[in-house]
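Subject: Structure handover and notes

Hello,

Here is the structure we discussed, for your files. My notes on what was found in it follow below.

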Amino acid sequence: MYKLLICNSTLSDKLFDPGCLHTSFGIRKEKKDHYTNVPRNANLEKLPKGYLFPEISLRQHQHLEQHPDASLISLGIGDTTEPVPDIVTSRMADFASGLSTLEGYRGYGAEQGNKELRKAIAETFYKDVNVKDSEVFVSDGAQCDIARLQLLLGSRVTASVQDPSFPGYIDTSVIIGQAGDLDHETGRYHRLEYMKCGPENKFFPDLRRTSSTDVIFFCSPNNPTGHAATRQQLEQLVKFAKDNGSIIVFDSAYATYISDDSPRSIFEIPGAKEVAVEISSFSKFAGFTGVRLGWTVVPSELCFSNGFPVIHDFNRVVCTCFNGASNIAQAGGLACLSSEGFEGVRTRVNYYKENAEILLDALASLNIKAYGGQNAPYVWVHFPGMNSWEVFDMILEKANIITVPGCGFGPGGEEFLRISAFGHRESILEAARRLKALFS
Ligand SMILES: Cc1ncc(COP(=O)(O)O)c(C=O)c1O
């Protein structure tokens, strides 16, 4: 008896799993002696079979088979590469050693997070917009909070997403049952509203032509385009949500990369507390992609249609499905928000931004149009008229560089590639040199 086992999670931007390499397009046959009577969740069956990251892994693997000596540079995966500052790791190490002592031992903490950390997050990121400590919920990362928010919202709400967007919003909408069926021709789910965001509309949807939905997932600075929405754009978004009675799920995971005066939080926009929650993360800001720490702000002003405060239901979901972030990770998070720790993590953010500048300069010297990079660690490169997989293959074949084809982030990403600025400086300089050699 054989079963198909899907070898992937498209939610994640990190999956270059060597375990998938020996599989064919992420599907592995496993011999089993027994099948249960439990039907597979029909919503999971709706996720597309042509998964992005296993497909990238497969092409990478095939390339290495043909060119075993190729020195590959991976600028595909959105994972941090530079070490965490000493002050942060030593606080985590001290906390961990303390767990071996009677005085330092701690068991379960508050599900919502350590009080001191909630306060430090509110003071560091939301001082001018008066977010209260009690409105900050510490988590094990933004991705997990997206899933918990979907559990809170349920299957009956309608949702819209930016197109292109981080796959986590769409995939969790599919799993919870909001999205309907996939139209294989258009690459869109029937019940989702796709808000096209490209250079032609300054990466902001034409809201006059956007159908209203209950929930609007909006990420700024955006992954993959690197665009940070302007104050005026976010004012329009908040007004649109208010007029239509929607809730915005605002993802500010890359806010610390903003260099200009674009808002770093949706709560900088007057009235946003009545229409938005904000998810965020220590991952890309502090190199905590493996440590795991994030947070969600749910303002007490935000209510459902029956007047019930969303914060109470979110608290209930958190207390039911999550027993709090690791206390070691929280000790590290607190250290990141001390003045010395913050200085240290800022240095890393600036390093990645310099990487982005190197890539942008190289592309500009080739007259290749590229976006993002200034307020985000991603460079969004336009190859007009070209299929994004073809460009991916060409750059892999001729320059030994792994990127991500834009179509992997939604149909609106076709003709684009995402190049990540996460990487050691030598790799970025070498990638810039190879791109120049390839395209000049
Ligand atoms: C826009 C966006 N949101 C959320 C996440 C997930 O972050 P975390 O590592 O905190 O789960 C990512 C990760 O790449 C991301 O790009």
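UniProt positions are given in the numbering used here, feature names are shortened, and annotations may be inferred rather than shown by experiment. With that in mind, the unreviewed UniProt entry annotates residues 72–435 as "domain: Aminotransferase class I/classII large". Helices (H or I, at least four residues) and strands (E, at least two) are DSSP runs, numbered from the N terminus.

Two notes on conventions. Residues are numbered from 1 along each chain as its sequence is written. The model is predicted: local features need pLDDT of at least 70 and side-chain atom pairs count only at pLDDT 80 or more, while totals for chains, interfaces and linings use all residues.

Domains

The protein is split into domain 1 (2–54) and domain 2 (86–340), with bounds that come from an automatic or database domain assignment. Their centres, taken over C-alpha atoms, are separated by 28 Å. Domain 1 gives 7 residues to the contact and domain 2 gives 10; two residues are in contact if their C-beta atoms, placed from the backbone, lie within 7 Å. The side of domain 1 that touches domain 2 has 4 nonpolar, 2 polar and 1 charged residues. In this classification Ala, Val, Leu, Ile, Met, Phe, Trp, Tyr, Cys and Pro count as nonpolar, Asp, Glu, Lys and Arg as charged, and the others, Gly among them, as polar.

Ligand shell

The ligand is surrounded by 15 residues, of which the closest are Gly141, Ala142, Gln143, Ser281 and Ser283. A residue is near a molecule if its C-beta atom, placed from the backbone, lies within 6 Å of it. By class, the shell has 4 nonpolar, 9 polar and 2 charged residues.

Core

The largest nonpolar core has 115 residues. Such a core is a set of buried Ala, Val, Leu, Ile, Met, Phe, Trp, Tyr and Cys residues joined through C-beta atoms within 7 Å. A residue is buried if 20 or more other C-beta atoms lie within 10 Å of its own, exposed if 12 or fewer, and partly exposed in between, again with C-beta atoms placed from the backbone. The residues with the most contacts inside this core are Ile248, Val249, Val277, Leu359 and Val379. Helix H11 (residues 339–365) supplies the largest share, 9 residues, and at least three residues come from each of domain 1 and domain 2. Val379 touches Leu359, as well as Gly226, Ala356, Leu360, Ala370, Gly372, Gly373, Ile419 and Ala421, leaving out residues up to four places away in sequence.

Individual residues and helices

- In helix H4 (residues 115–125), Leu117, Arg118, Ala120, Ile121, Ala122 and Phe125 are buried. The buried residues of H4 pack against strand S4 (136–139), strand S12 (294–297) and helix H10 (327–336).
- Glycine 332 is in helix H10 and counts as buried because it has 29 C-beta neighbours inside 10 Å. Beyond four places in sequence, glycine 332 touches Val88, Arg91, Met92 and Val291.
- Phenylalanine 218 lies in strand S9 and is buried, with 27 other C-beta atoms within 10 Å.
- Cysteine 144, in helix H5 (residues 142–153), is partly exposed, with 19 other C-beta atoms within 10 Å. Cysteine 144 and phenylalanine 322 are 178 residues apart in sequence and 9.7 Å apart in space, C-alpha to C-alpha.

Backbone geometry to check

- The peptide bond from serine 220 to proline 221 is cis, with omega near -10°. Asparagine 223 and proline 224 are also joined by a cis peptide bond, with omega about 25°. Proline 221 sits in the loop between strand S9 (215–219) and helix H7 (231–244), and proline 224 is in the loop between S9 and H7.
- Asparagine 367 has a positive phi, near 60°, in the loop between H11 and strand S13 (370–372). Asparagine 367 is exposed, with 8 other C-beta atoms within 10 Å.
- Asparagine 400 has a positive phi of about 55° and is found in the loop between helix H12 (388–399) and strand S15 (401–402). Asparagine 400 is partly exposed, with 19 other C-beta atoms within 10 Å.

Regards
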